[in-house]
Amino acid sequence: MADQHGSESHDPDFPEKYLEFMRTGWNTSAPYVATTEPSPAQLHQRRRDALAEAFPGETLVIPSGGEKTRANDTAFRFRPGSDHVWLTGEHDADAVLIIHADGEHVLYVRPRSSRETDEFFRDRVHGELWVGRRRTLREKSEVLGIRTAHVDELPAALDAHAPGRTRVLRGYSAAVDAAIRPRHGAPDADRELARALSELRLTKDEWEIAQLQDAVDATVRGFEDVARILPADKAVAERLLEGIFALRARHDGNDVGYHSIVGAGANATVLHWDDSTGTTRPGELLLMDMGVENVNLYTADVTRTLPVSGTFTPLQRQVYEIVYRSQEAGIAAVRPGAMFDDVHQACMRVLAEGLDDLGLLPVGVDEAMKPDSIVYRRWSLHGSGHMLGLDVHDCANARKERYRDGSLAQGYVITVEPGLYFQLEDELVPEELRGIGIRIEDDVLVTADGAQNLSAGLPRSPDDVEQWLALQREAGFRLPG
């Protein structure tokens with residue numbers, strides 16, 4: 001990227017008369033036009049207070065991250081680190097939150113371009129005429145409910161802190177990582193900060209649940225869009241379907257929450273198929289794992305498997321019903337106090353029983369389910385689900401005893417996503433099963449007395465899926481809006 005004076009080969013050499021002309025005749029009264037409603041400042045204050053209580057007498061440094069180069073002088077669209085967003089509501093690059101040991105919270109940000117330098121019209125990275133108007137420090141402070149300071153003051157602020165009393169969320173800012181050395185003799189100090197943040201984020205408050213529901217609702221509309229342009233009688237490119245969903249994601253939210261998986265036919269058996277180089281074929285299945293990330297950066301994560309022709313073949317339906325029963329058992333196991341593994345085991349037992357019915361298990365179901373065996377997972381591979389929130393795999397730094405080996409609590413949001421996948425080259429399954437991949441995934445809130453399926457707006461049973469697909473095709477595609 002070019003600096004404020006330009007450094008790329010395609011930057012012109014501006015004559016002084018042009019520069020002098022550009023420096024005159026501007027006012028600074030243009031208002032900032034918000035594109036989204038900010039998240040509630042009081043929520044972020046409570047979250048920062050809770051984090052500070054976990055590390056009394058210490059200074060905590062949490063950056064938002066910076067732009068990442070895509071190629072040469074072009075960058076990926078910036079998306080801030082989830083922990084930073086959760087604590088501040090700030091979405092801009094290069095911001096850094098410092099929670100001081102004395103209880104003061106300061107957010108270092110880059111405010112709108114000053115007219116005192118040429119940055120506002122020459123700097124392609126930060127200049128207002130290039131990237132749009134940012135908020136002033138005062139505007140940021142009023143909206144986010146936190147004291148703000150110019151990011152240029154950050155180096156001095158970091159220099160004032162000794163590493164022995166400071167923890168850093170590392171990996172987001174090379175400058176911050178270099179300025180605050182890891183604690184001597186305490187290599188896990190910074191990892192403990194990341195762990196605490198993940199564990200504080202496990203329970204979603206009412207506002208967060210509403211954000212997740214918003215993301216799920218947009219995702220439902222995206223699946224409807226795709227179904228409405230999916231022909232029953234001819235092939236279409238996976239990339240067309242992926243693109244139609246991406247249109248909905250950018251229109252109704254911030255973006256897709258992760259690379260969409262659109263797997264037609266045997267591509268559905270590749271768990272993270274995101275090349276989208278295949279095409280649909282009448283008579284085959286189409287697996288789509290997609291989620292909208294909403295404007296406040298909460299993401300949905302939903303999978304449906306559709307019969308391209310409109311109806312499942314008898315064999316496709318038989319496999320689909322195994323996966324559906326498995327997911328039903330998993331959702332039924334979701335409740336406060338249940339172990340996370342209880343959901344997994346409920347799903348997996350039904351899959352194992354179904355595989356046994358298909359004549360595929362080399363041992364009995366009970367033997368296959370034993371921890372020293374799990375041979376059924378040849379055709380399942382992945383677990384039954386994960387936490388969901390600001391990240392598609394949310395709270396990933398939490399301790400095992402609070403997550404994988406822990407129990408569910410009211411306010412957790414998890415996915416329930418069993419699947420069966422029969423590879424084309426798998427000689428241990430009948431030829432007619434090879435190339436079939438089926439997954440059903442929903443986003444489930446743990447309630448006071450059980451579970452609420454946030455993505456229930458998309459049908460799951462085979463009969464309902466067929467009816468829904470027919471209704472979408474009958475309705476026809478319309479542009480969002």
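Residues are numbered from 1 along each chain as its sequence is written, and side-chain values use heavy atoms, with hydrogens and water left out. Because the model is predicted, local features need pLDDT of at least 70 and side-chain atom pairs count only at pLDDT 80 or more, whereas totals for chains, interfaces and linings use all residues.

## Overall build

The chain has 15 helices and 17 strands, where helices (H or I, at least four residues) and strands (E, at least two) are DSSP runs numbered from the N terminus. Its radius of gyration, taken over C-alpha atoms, is 26 Å, close to the 23 Å that the globule rule gives for 481 residues, so the chain is as compact as a globular protein of that length; the rule itself is 2.2 Å times the number of residues to the power 0.38. Along the principal axes, the C-alpha atoms fill a box of roughly 75 × 50 × 35 Å.

Buried residues (under 20% relative accessible area, with exposed over 50% and partly exposed in between, for a 1.4 Å probe and protein chains only) make up 50% of the 481 residues. Of the contacts (heavy atoms within 4.5 Å) with a separation of 6 or more, 70% join residues 24 or more positions apart.

## Pockets and cavity

Rolling a probe the size of a water molecule over the atoms shows where empty space is left. On a 1 Å grid over the protein atoms alone, a cavity is a set of points where a 1.4 Å probe fits but cannot get out, a pocket is an open set with protein on both sides within 12 Å along at least five of seven lines, and lining residues have an atom within 4 Å of a point. Grid points are joined across faces, edges and corners, and a volume is the space filled by probe spheres set on the points.

| Space | Volume | Residues nearest its centre |
|---|---|---|
| Largest pocket | about 1,300 Å³ | Tyr32, Phe78, His91, Asp92 and Ala93 |
| Second largest pocket | about 620 Å³ | Phe76, Arg77, Phe78, Arg79 and Asp255 |

The largest pocket is lined by 43 residues, and helix H6 (residues 137–144) gives the most to that lining, with 3 residues. The second largest pocket is lined by 24 residues, and the elements that give two or more of them are helix H11 (238–252) and strand E8 (255–256).

## The loop between H14 and E13

Ser380 is found in the loop between helix H14 (365–369) and strand E13 (413–416), and at 0% relative accessibility it counts as buried. Leaving aside neighbours within four places in sequence, Ser380 is in contact with Met348, Leu351, Gly419 and Tyr421.

Most residues other than glycine have a negative phi. In this loop, however, Ile374 has a positive phi of about 40°, and Cys395 has a positive phi of about 60°. Ile374 counts as partly exposed at 34% relative accessibility, whereas Cys395 counts as buried at 1%.
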